[in-house]
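Here are some short notes to read beside the structure. Please keep the view open while going through the points.

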Amino acid sequence: MAYAAYREHAGVPRIRTRSVFRVLDVTVTCLHASALRHRLARCEGVGVLRCEPLLHDATAETDALRVRLAIRLPATRYAEVLHAVLLAAPQGEIGRLLSWREHLDRCGMSHE
């Protein structure tokens, strides 16, 4: 199993006021994760913040390992991201949609 780390690019401006970004949690099988990441890369302003393998969590019907993707997206791209998820991983699980501030709080980071 491969592990990938992601970082924020220096060219991405930081917004100190109310952020327009949201974070969506999506859980898919490892087989679908790569295809989903490629589809998301074609969506403007969308990026994968984290790809977390769920090592002790396999689906009952296939015993396939799954990963949870934390996807950063502009609020205006929500429908486009959902469409990408449905095309790449039709049996994926779409989780909570968090504000950028909620995401930073969940990670124990300051949003100042």
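1. The largest nonpolar core has 20 residues. A nonpolar core here is a set of buried Ala, Val, Leu, Ile, Met, Phe, Trp, Tyr and Cys residues joined through side-chain atoms within 4.5 Å. Buried means under 20% relative accessible area, exposed means over 50%, and partly exposed lies in between (1.4 Å probe, protein chains only). Val 28, Leu 36, Leu 40, Ile 71 and Val 81 have the most contacts inside this core. At least two core residues come from each of β1 (21-29), α1 (30-41), β2 (47-58), β3 (65-74) and α2 (78-88), and the largest share, five residues, is supplied by α2. Helices (H or I, at least four residues) and strands (E, at least two) are DSSP runs, numbered from the N terminus.

2. The model is predicted: local features need pLDDT of at least 70 and side-chain atom pairs count only at pLDDT 80 or more, while totals for chains, interfaces and linings use all residues. Residues are numbered from 1 along each chain as its sequence is written, and side-chain values use heavy atoms, with hydrogens and water left out.

3. Which residues does Leu 36 touch, not counting residues up to four places away in sequence? They are Val 26, Val 28, Leu 69, Ala 84, Val 85 and Ala 88. Contact means heavy atoms within 4.5 Å.

4. β1 and β3 pair in the antiparallel sense over nine bridges. Two strands pair if DSSP finds at least two bridges between them. Leu 24 has Ile 71 in β3 as its bridge partner, and Asp 25 stands opposite Ala 70 of β3. β1 also pairs with strand β4 (residues 93-99), again in the antiparallel sense, over five bridges. There, Thr 27 is opposite Glu 93 of β4.

5. Both β1 and β3 are well covered. In β1, eight of the nine residues are buried. In β3, eight of the ten residues are buried, so this strand is largely enclosed by the rest of the structure.

6. How many disulfides does a search of the whole structure find? The count is zero, where a disulfide is a pair of cysteine sulfur atoms within 2.5 Å. For Cys 30, the nearest cysteine sulfur is that of Cys 51, 7.4 Å away. Cys 30 counts as partly exposed because its relative accessibility is 29%. Cys 107, at 33%, is also partly exposed.
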